[in-house]
Every structure is written in C-alpha cells, then in structure tokens.
Amino acid sequence: SSGINAEWPLRPGIIDGFSMEHLSKKLSLSNDISSAPNKFSMRGFSHPEDSSSHFYGEYKFSDTGPSLQRFTVTHPSKVAYEIVELDIESNHGNLEYTCLYRIRVHGKVPKLS
C-alpha cells in the first residue's frame with residue numbers, strides 16, 4: 001500500500017519532531033502488524049493554498065520497535081507552519097490497507113512580539 005496523504009491544521013509552531021503510534025505485535029491477536037506504516041515523510045505549509053512546502057524529512061516506523069515511536073525533524077525550519085502533511089509511502093506488507101493509530105506533532109509556539 002502506498003500513496004496515503006493527510007493534512008492537519010495546527011496552531012502555527014516551530015516543529016521539532018513527530019510521534020507515530022500503532023498496535024504492538026505483543027497486543028496483536030495474530031502477531032501481525034503488516035498494516036503498520038513503514039516509510040513516511042512530513043512537510044509543513046504556511047496556509048492551505050500554499051504551493052510550496054518545507055520538507056521535514058523521511059522516516060521509517062519499525063514494526064519490531066515500540067508501539068509509540070518518536071522521530072526528530074531531519075531538516076528543521078525557523079518558520080512557524082500551520083499545516084503539516086503526512087505522506088505514508090509504504091506499510092509493512094499489507095496489500096489491502098495501512099492503519100495508523102495516532103500521529104503527534106511536537107514543537108514550540110513562537111512568542112508574540
């Protein structure tokens with residue numbers, strides 16, 4: 001499965017990381033989490049009609065790691081973005097669907113002058 005894309009509006013902030021969560025193999029009745037995201041990337045946009053974006057980086061969710069995994073921004077920006085885009089490029093082998101329990105965006109809201 002590939003090509004899954006989603007956007008979330010945020011309070012404008014300086015983003016420094018992301019957390020992704022999926023069911024752990026230990027809690028799976030079949031011991032199979034092939035629907036978990038594998039390779040994914042994150043981008044930031046200033047507004048909904050923005051044609052340019054900031055590329056935060058490409059990441060990999062480990063199917064043998066903890067159910068909640070944190071990723072540090074590879075390409076930081078000093079610009080506060082208000083929209084984050086998640087692009088899931090692949091999962092761990094499920095041909096029918098990709099399942100994501102939770103995504104969190106970490107960062108700081110800039111102080112008003």
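**A first look at this strand-built chain**

1. Let's start at Glu89, which sits in the loop between β5 and β6 (102–108); helices (H or I, at least four residues) and strands (E, at least two) are DSSP runs, numbered from the N terminus. Glu89 is partly exposed, with a relative accessible area of 30% (buried means under 20%, exposed over 50%, partly exposed in between; 1.4 Å probe, protein chains only). Its side chain makes a polar contact of 3.5 Å with the side chain of Ser41 (N or O atoms within 3.5 Å, one able to donate a hydrogen and the other to accept it, with sequence neighbours counting only if both atoms are side-chain atoms). Glu89 also has Tyr59 at 10.0 Å, C-alpha to C-alpha, although 30 residues separate the two in sequence.

2. Please keep in mind that this is a predicted model, where local features need pLDDT of at least 70 and side-chain atom pairs 80 or more, while totals for chains, interfaces and linings use all residues. Residues are numbered from 1 along each chain as its sequence is written, and side-chain values use heavy atoms, leaving out hydrogens and water.

3. Now for the overall plan. The chain has 6 strands and 0 helices, so its elements read β-β-β-β-β-β from the N terminus on. Of its 113 residues, 37% count as buried. Among contacts (heavy atoms within 4.5 Å) between residues at least 6 apart in sequence, 75% join residues at least 24 apart.

4. Next, the inside. The largest nonpolar core has 17 residues, and those touching the most other members are Phe18, Met20, Phe40, Met42, Tyr56 and Tyr59 (such a core joins buried Ala, Val, Leu, Ile, Met, Phe, Trp, Tyr and Cys through side-chain atoms within 4.5 Å). At least two residues of this core come from each of β1 (4–21), β2 (39–45), β3 (54–60) and β5, with β5 giving the most, 4 residues. In soluble globular proteins, nonpolar side chains tend to be buried together. Beyond its neighbours within four places in sequence, Met42 is in contact with residues including Phe18, Tyr56, Tyr59, Val84 and Leu86.

5. Setting aside residues up to four places away in sequence, Glu21 touches Phe61, Ser67, Leu68, Leu100, Tyr101, Arg102 and Arg104. Cys99 is 78 residues from Glu21 along the chain, yet their C-alpha atoms are separated by 9.7 Å.

6. Ser77 is placed in the loop between β4 (68–72) and β5 (81–88). A polar atom of the Ser77 side chain lies 3.0 Å from the backbone nitrogen of Val79. Not counting residues up to four places away, Ser77 touches Ile14 and His54.

7. The largest cavity holds about 40 Å³ of space, taken as the space filled by probe spheres set on the points, which are joined across faces, edges and corners. Among the residues lining the largest cavity are His22, Leu23, Ile33, Phe61 and Pro66.

Technical notes: 1 Å grid on protein atoms, 1.4 Å probe; cavity = no way out; pocket = protein on both sides within 12 Å on 5 of 7 lines; lining within 4 Å.
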